[in-house]
Amino acid sequence: MLSPCGDLAVVCIPKCSSSYWQTWLSQNNWTMHHDNRIEKHVHVLCCLRDPVDRWVAGISEYLDRYWNNDNDIKCQATLKLIQDRVIFDDHTEVQHYFYSVFPHNSMTFFRYDNTKSVWDAIEKWTGIPVPPYKYLHNPINFTDDPVNNKRKAWKNWILDNSDLNSIKLYYDTHDQETYRLLSKIDERQSNQ
């Protein structure tokens, strides 16, 4: 997304609060661009999330969207499938896929710890005030909407039954740059 003044851009990585801030920034006259053709002077902001946490959220959303009968697929064959095929869609794609397309721009990375931390970073960089509190909630954890309850049930099933070490090994191998950047963010925050 590109700011109205054209000096800031935000990389929208699925499962890193991007749906929230796409909506909020577009309401503040930011525009969506589906390519990497932005001017070299534009500073790019990018929110990163722990790859395994992001995978759990992404695969939970995938299963929630595309499987109607939960009981038929909550089995070992499903677990094997999702662990053998780690990347299902853009919600589980390695994060460097999204931000590595801006090699000529200066970038600031921040960490998704919770939805509020993302809003605080956006406000700091854009000057756009944090939205009303009701928009800060993470919908999967804070609403009683039946759709979100179903997605949360998938998330809990994944957490209870998956071998997350094998998922971490995949991302350790294929998304090393994101782990390196997350470590730098943690180091920067501990020095503040």
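Analyst: Buried means under 20% relative accessible area, exposed over 50%, and partly exposed in between, with a 1.4 Å probe and protein chains only. Helices are DSSP runs (H or I, at least four residues), numbered from the N terminus. Here α2 is mostly covered, with 12 of its 16 residues buried; among them are W55, I59 and L63. This is a predicted model, where local features need pLDDT of at least 70, side-chain atom pairs count only at pLDDT 80 or more, and totals for chains, interfaces and linings use all residues. Residues are numbered from 1 along each chain as its sequence is written, and side-chain values use heavy atoms, leaving out hydrogens and water.

User: At what angle do α2 and α9 pack?

Analyst: Axes are lines fitted to C-alpha atoms, for helices over the stretch in contact, and angles run from 0 to 180 degrees between N-to-C directions. Helix α2 (residues 51-66) and helix α9 (residues 164-174) pack at about 115 degrees, their axes 9 Å apart.

User: Which residues of α2 and α9 meet?

Analyst: Contact means heavy atoms within 4.5 Å. From α2 come P51, V52, W55 and V56, which meet L164, I167, K168 and Y171 of α9.

User: And S190: buried or exposed?

Analyst: S190 counts as exposed because its relative accessibility is 57%. S190 sits in helix α10 (residues 176-190), and its side chain reaches the backbone oxygen of E187 at 2.9 Å.

Methods. Helix = DSSP H or I, 4+ residues; strand = E, 2+ residues; numbered from the N terminus. Polar contact = N/O pair within 3.5 Å; in protein donor to acceptor, adjacent residues only side chain to side chain.
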